[in-house]
Every structure is written in structure tokens, then in C-alpha cells.
Amino acid sequence: MRNYITFLAHITIVCFFSLSLCAKPLAESHNNNLIINKIGVSTSDTKEGFKSKINNKRKQNSYIKNNSWAYTNLKSLSLEEKIAQLFMISAYSNKDKRYENNIIRLIKKYKPGGIIFFQGSPDRQKHLTESFQNISDIPLFIGLDAETGLGARLSNSIQFPKQMTLGAIQNDSLIYEMGREIGRELRYLGVHINFAPVVDINNNPDNPVINTRSFGDNKDIVARKCIAYMDGLQKEGIIAVGKHFPGHGETSKDSHIELPVLMRSKEYLLKNELSTFKSIIDRGIKGIMTGHISVPLVDRSGIPSTLSYEVVTKLLKKKLNFKGLCFTDAMNMKAVNNSNRNRNILKAFKAGNDIILMPTNIYTAIHTIKNAVLKGEISINEINRRCEKILLAKSKISEIRSRLPYLYGINKYKAQALKEKLVMNSITLIKNRNNLIPLKHLENLKIASLSLGVKKTTEFQKTLELYTKVDHYNDSCLGKLIQNLNKYNLVIICVHENLTKYKIQFINRIAKQKHVILNHLHIPYSLKDYNLKKVNSILLSYNSSKEYQSFAAQGIFGGISLKGKLPVNICNVYKEGLGLNTNKIRLGYVSPELVGVNSRVLKDSINKIVKEGFKKKAMPGCQITLAKKGYVFYRKSFGYYTYRRKHKVTNNTIYDIASITKIVSTTPLIMQLYEENKISLKDKISKYLEIDKKSSLADVSIKDLLLHESGLKSSISIFSDIIESRYRTNLFSRRKDKYHKIKIGENLYFRNYYRYKKDIFKTYRNKRFSIKICSNKYLNIKYQNYIEEAILNSKVYKDKSYRYSDLGYILLGNIIEQIYGKCLDTLSENIYNSLGANYTGYNPYKKFPITYISPSSVDKMYRKKMIQAYTHDPLAAFKGGISGNAGVFSTSNDLAKIMQMLLQNGEYGDSSFYNPSTIKLFTEKQNIYNRRGLGFDKPNFEDLHNSPASVYASPDSYGHSGFTGTLAWADPVNSTICIFLSNRTFPSDYNNALSELNIRTRIHSVLYNNY
């Protein structure tokens, strides 16, 4: 009876441990049935309840002491089963069912201690792990060689930077953070062991196998960063395995192919390579991998370290006092996989390795050890000691995991943001003559980019375009390229390949004539072969994937600060530790999580609002840019130019921004005049314009116009004055009838037939008809001042309270032009060029193909055609498209630059546009009777439903909306920017669905609700 009870106790203990080691992979899979049945959690429970019950159950079970479980299981195993615990076999998750069944057969028959996975996918590996654990009597150790995260082996996964790239990062806490993220992802998949970090010092630039896998060639930095990575992994219950003992970095051969030889003494190794291993051992690393490296001065036999008692036991375990698990490198590698492969298995065991990885044949491997035991070469006590050590480690790692938070899945958004943070902090500037980077005074630069080694426009080049106008070239025809580059004063070269002697000469030839910036996307060592003395600036980006290209380009313009340090010595000029720091001076572009925004919620929220807008036909397309703390974290376009769905909106689509013109053209120029003391806000406009002293406008000030407190009407109709007199009666009707079929507004129809006066328009340009109001329509120049005269003669209300008026801003535009003696478009373009807002300006048809520009409406009254690339506003159109109230076109990205400059108190791109006091004055509320600032609109807290901004916007926020369906808003309290552009007026102005659905303000609210 006692034996029966003991047997039951043993079975119970094994079941509890199996549950502890396997519960997370089972519970965290899409199919939770098994774990639910085991721990009694109802499938109808909420996620929170599910998690709570799991944690409560774990506390109730309170796993038995590790040594008790290990000892009990050790006694229950046969000799072959004990030996099998010493081996981990390989498996792939990208194979078929037949392959899976074969691995299951091996597990059932030979009962190996663990499995190391290779290529496949996360979901498939998770499924296989659960399947393999379910059939294994003793829980399996699951390992993965994930030096750079899951992406190193598994598809559709994030791959973090290689260790040499991480070696350039100065903030080791980021590497710790990466270790934890990799640990969480591995834990979710049911993995227990990560064969990382690489502890080798890469002190041989020609090393064919370590190289970029090492943190660098400075032993202290390598040790420090290994500890950070290791700590992050082990905090998440992952066994970190440092490799390749005693040091693979100085070798010149690849152990996958042949046996490398390291001709160094023990004393030398202790001072150098072994010092990094000593650091992580003292820190408490749980695993060390021995390398297939011959060290003749330590073991005279010349055998691989993996098989050497002198290296594994005497040096690692005794001299360095390592108490954790000792792993061999893969035993199928050619450095040890020879005709004596079975004998090598035995040697690996005798050397002191605890776990032998990837024997060529698990059956022969087990029986090789077994036969040695039977012959007396190995004592049964040693087998028991090693097996118990492995079982203890399994129990311990399970106990650690039982205390960690439950995982519901892998957060790819968070992982991607972390990768970006790592890359951002690694970009290294090793040369910067005259502080060329970050680029300043963009208005003076004519920039070309040249990609060497690729034929298509690259991510690097696309990112450069976010900052200013850049023309792109590749190396398809270098001979003719020199001539093409003559018109530029700056050439930015991105190297995607190892350069030939001819290309190096080509670069130097350009550098003799132009400023040259070189971005190097490969390992740093190749720079030692390049003579680039004439090049002004050199950046190292370490890798050619998109993130590295993007952040290198951002660093050039100051979208991010550069602070990486060279992790290796390249030559006497470029030494380890070299790295020049720069400041962030412009907008950067990052993932939402990097500014504390949830990507999933953000995406779902905006998609829902936009989808509703499309369904209700609020607009055919739109463009959205959101920024926070100087970083654009959301930039996306939706829909089409028109409801015919032929031309998709892109991030470069240019929109008519209508009244946003007031705060990106007119008001900034008034601010400029104010700072130059060329105007006073109290000045009467009659000082600058010819106004009858008896007119009510004579006493109106510039401040009155900015605040819409001039008494002017909102607008004026000029239509009746330009058609023949016989058609002026009954022009409009409140209802549709046979004479009025042209709908121009809600319950407003226009007569079917009319004629313009003969001297109004021509379809061709000449001296008299030179004002272009749309394609093939020119206005008589005698009407050039018609709008101004009509405004000055229009009715002015005696009540000077707030009354929104376009007319006041037309007059402000005239005042600006009068003082400067230049046209508004020229004056505002100077600001845009300095900001790099090259898609912004009046009359875009003069600079861009019409296909770049979204149509704004179908004008059935004035121009009788679809309006595209010409201002939608009729008053601005009669001024040739250049007016103080409307006429500017832009992209959301360009507008974000302008708003960011305002948020930064007038500073942008290391240039000062305005004094902080001026920004404050113009953007703050001026009086209790008017919500507005000077030119800038403010939230309407008295009527939130009709507020131009989100209900969550702070009182300090400011911006403006536009009639065509646009919004530009900045909030200095939390440093946020919201830009929304659309053409809700297409095809007709009377479509008010955008406002009725509050599309703009709801999208603005998403910005506040996702912190």
C-alpha cells in the first residue's frame, strides 16, 4: 500500500511540474482547451477572470521543492532515459506532417531532454511545442538560437539589430529592454533557452562567423552589454546561454565548415576573451556554450574546446567557477562532425558538458554514453549528477515562470517600436566637417541623392523627401551622372554594397566639387578600404533594412539626434568609441508606441471614423498626420480623389487647404511685420489702404481684422456683377424648378442659363486677360482691384463684435503686399522653403503635375468645370489664386512642419522664425467676448459641439479649419499636432456630412484618447 501511495505521489509531482513548464505555452495558444481542463477554468470566463484563476491555481499548487521533484524523477528514470536528458535534438516548424510525426516518434522512443527549433513560423512552432510537450514523460527543454529575437529564425517576426549595431548604443538599458522583449516572446512560444548573447570579442576584423554578431572589440563594453542582454532574458524566465567559450572572435575560420585555431595562452585569454565570460558568470548567467575552437596553448592535444576537459571543466567550471548548465555547440557542425562523431559525443560528455546539442543520431549518441557506463569509462554517479542538474534547472525555470505575468500574445507593435528605438540610438556619425549634419538653411540647398548598389528608389531616399525637395539618382550610368550633378550643391550618397575602386574614385571626384554626405549601410570594417578624405560627413547605419535607412536619413536632417559610438576599430582614423553627437531640430517619424500611443487602438479608431465618413459620402478621400513631442507617429491617406475611385490619395497628394491659409500665410507674415516693427497691431488699416475717412472701415485696426471684429460681412457675392444685366433677375430659387436646376447649396438653386459680360473672361491669355482663374479661363485685368473695391464699399456693421469674415483677411493680404512690395506667394514661399515645406504654396499647377493635386469641387457658377490645382475660393480665384483668406495648397506633412515650428516657439531646423513672445501673443485668447487668438482659432468651450477642435483640446491649443474639409491644430500642453485634409466640397459645396459627423474633431479626439 505504501509503494502504491508513493507511486501516486510521484505521478502527481510529475504532473504538477509538467503543468508548470507547459501551462503557459498551452494557455497562451489560440486553443486553450487542454490547460482549461487541467486547471478548471471555464471557457465562458473573461480574459481577466481566466488570468486570475490561473494565477490563483498556481498559488494553490505552490510547486514542491525543486530538489525533491528532480530527485524523485531521477529515481524513476532508466539509465537510457537519464542519458537522453543530456541531449537536445533539432526540429523545424516549416516542415510537413510527416516530419512532425517523425519528431514525435523520436520523443516517444528516445525521450530526449529537449528540442532546439530552427526555421519556421511562431504559430507553427507554438503548436509543435504543445504537441511535443504533451507526449513527453518529462517536460522538454525548448531552445531557440534567437540572438536577434524570433526574427532570427521565424518568419513574420521582429528581428532586432545584430550585436555590433547594439554595440554602438550608449544606453545599455535599451539592450536590457530588448532582452526582456525577446524573453517575453520566447516565453509565449514555450521556449526556455535562448542561445544568446554572443560573448565573443570581435578582435579580428576578418572573422567570418562572429563579426557583426559581437558587441565589438572593447572587452569592457562587450561584457557590459552582454550583462544587459542576459539580465533582460533571465528576468523573463529564459535561460541565457553565453557563447562561444573560450572566445571565437579572434579566429579566422568558420567552425560550421572547419576547425578554427586560437593561438593564445591561458594567461592572455584570462585578461581578454575570458574576462567577458567571467563578468557574465559572476552576474549569474545560467548557461554557457562551448565553441568548436582549438586552443593548443591551453589543451596541447589541439582538440576542439567542446571536447576538452582542460577547457570545459578545468578552465570554465573550476577556474571561472561556473555552476550553470554547460552546452556544447551543435555537434553536427563540420569542426567536430567527422568520422569519430560517436567518440566525439563521448568526449563532449567527459569534457564536462551538461547538455549536448544536436547529435547526428540520437540513438547512437545515447548508446555511446550507455556503453561507456557499462564499460566503466563513466560512472553511474556522474550520469545521475548531470541528469539531476538538468532536472533541477527545468524545475527552477518553471518556478520562476509561475511568478511572471500571464502573456496573451506577442505585441508586434511594441516590439517594432523597441527595434526603432534601438536603431535610432545606433546610427553613428564618424565624420562631420563644418558641422554639416544636421542640415540647416534648406532654402540654400539644392540636393541630389545617389544610391549605389540599387536600381529603385530606396527607403532612405523616400525619407529624405519628407524634409525637403531631393532629386534621386542611382549608379546605372555613372559616366553621365557627373554632368547631371552639376546643378546641385549637396550630394547625399547611400552605399548599399561594397564599393569598387572605380566607385570610390567617383565619390571623391564629386566630393572635390560638392558637399558630400555618405551613409554606409554595411559593416564598418569595409570603410578601411575606402579613401574618402574629401567627403564632408560619414554615417554608419550597420544594416540596409528599412528602419536603418529611414533613421539615417532622419539623422541627416535632424529628425533624430545622433549619438551612436563606433563599436570597433576600423583604422587609425576611425577608432572604437568615435561618434559625434548631434541635436534633434526637426520632426522625426516613428511608430506610435515610441510616443506612448497604442497602435492597435489608434488604427482601429481612425479606420472606423474614416470608414463611416466614406459610407456617408462625407469626402471621397483624406489625408491624416498626427504628431507628438516632435515626432510624427501616424501618417496615412485614405480613399480617392473623386467618387469615381480612379486615382488613390497618397501621402504626397496636395490639397486645397482653404482658410488654413489664414494661419500659414497671412498671419505668419503679419507676425513677421510685427517683429520687424513695420506695423503695430493698433495701426488703422487706413494707414496702408486708401479708405474714405467717412467709411466705417477707417477706424478698423489690424488687430480688429485678425480677430474678425471689424464689422465686415463674412463674404460678398460678385456673381451678379459679372453677368449680363438681363440675367440678373431671379438668379436664385429656394426650390428646384424648370428654370432653376443647378443646386449650389442646401435648398438653394441657380438659374439654368446665363451669360457673362463680354469683357470678363477669355479662354486664352493676352495682355488684357492675364489673370488665370482656372484652366483655359482668364480674367480681365481691369477686375484686378475689383474685389478690394467691393469690400471697401460693402456694408460694415456698427456692431464690432466677433463676426467671422474672409474679407478682413483679403485686406490683410493687401496690406502685407503694400508694405513689402512683393506678392503674397513670394513672401510666404520664403517661409515654406526654409521649413522644407516644398509642397506648400499658392497656385500649385505652376510647380506640380495636376495628378499630384486633389480636385476640390465642380464649380457650376463661376468657372463651369471641375476645379483641380486652382483655388476653390471664388474671391481668391478672382485675385489670381493668391489671397489672404484662401488659396494655399499643401500636404499634411508640410502643415505639420509649420505647426511644429509654432509649437517650438518659432524655432525649426536650427533657424529662428519668430520670438516666443510673438507666438504666445498671437495664439492666446485676446478677450472674454471672442474665443479667437490673433489669426488663430481656439477651442469653443461654450459650444463644444461646434468647436473646431476636439473637446479634449486644451485652452492653450490653436489652429484653424478650412471650408474644403481641412483642419490644422496644435496643442502646446501635450505637444501634439493634428492635421486632417480632405475635399469634402467635391463635387458640391453643400455636402455638410463631414461637419455633421464631426469627422475632423473625432479624429482629433483619437489623439487625446490613446495615450
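Which loop does Pro197 lie in? Pro197 sits between β4 (193–194) and α10 (219–235); helices (H or I, at least four residues) and strands (E, at least two) are DSSP runs, numbered from the N terminus. This is a predicted model, where local features need pLDDT of at least 70, side-chain atom pairs count only at pLDDT 80 or more, and totals for chains, interfaces and linings use all residues. Residues are numbered from 1 along each chain as its sequence is written, and side-chain values use heavy atoms, with hydrogens and water left out.

**View 1. Two cis peptide bonds.** One joins Ala196 and Pro197, with omega about 10°. The other joins Lys243 and His244, with omega about 5°; His244 is in strand β5 (residues 239–245). For context, most peptide bonds are trans.

View 2. Four bridges tie β20 to β21 (residues 748–751), and Lys743 has Tyr749 as its bridge partner in β21.

**View 3. Asn730 and its positive phi.** Asn730 isn't a glycine, yet its phi is about 55°. Look for Asn730 in the loop between α25 (719–722) and β19. Asn730 is exposed at 59% relative accessible area (buried is under 20%, exposed over 50%, partly exposed in between; 1.4 Å probe, protein chains only).

Notes. Two strands pair if DSSP finds at least two bridges between them.
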